[in-house]
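Welcome! Take a look at the model first.

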Amino acid sequence: MGIVTWIILGLVAGILAKWIMPGRDGGGCVITVLLGVAGAFVGGWVGTFWGFGPATGFNLGSIFTAVVGALVLLAIYRGIKR
């Protein structure tokens, strides 16, 4: 996947993760995008490790994988911030 696709997928994943897990987090949109992009990488790695498949493109499976990764990172981020 190209870097632009990763960023768009990360943006969508970050927004969906923030919608699923709302709260007052610092950083706003920048942190949301960074958590989403990192979540796409983490979700792809964990999905491949567990046999679910990686984040391979802009499709529903990749979005789901990226959102799960973003949710995990958002929970870790909130745990560290407290």
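**Exercise 1.** What percentage of the 82 residues in the protein chain do buried residues make up?

*Solution.* Start with the ground rules. This is a predicted model, where local features need pLDDT of at least 70 and side-chain atom pairs count only at pLDDT 80 or more, while totals for chains, interfaces and linings use all residues. Residues are numbered from 1 along each chain as its sequence is written, and side-chain values use heavy atoms, leaving out hydrogens and water. Next, take the term: buried means under 20% relative accessible area, with a 1.4 Å probe and protein chains only. The buried share is 35% of the 82 residues.

**Exercise 2.** Find how many helices and strands the protein chain has.

*Solution.* Helices are DSSP runs of H or I with at least four residues, and strands are runs of E with at least two. The chain has three helices and zero strands, in the order α-α-α from the N terminus.

**Exercise 3.** Compare the span of helix 3 with its expected span.

*Solution.* First, the expected span is 1.5 Å times one less than the number of residues. Helix 3 covers residues 60-81, which is 22 residues, and 32 Å is expected. From first C-alpha to last, helix 3 reaches 31 Å, close to that value. Now look along helix 3 for buried residues: among them are Ile63, Val67, Leu73 and Tyr77.

**Exercise 4.** Work out which share of the contacts with a separation of 6 or more joins residues 24 or more positions apart.

*Solution.* A contact means heavy atoms within 4.5 Å. Residues 24 or more positions apart account for 74% of these contacts in the protein chain.

Key. Buried means under 20% relative accessible area, exposed over 50%, partly exposed in between (1.4 Å probe, protein chains only).
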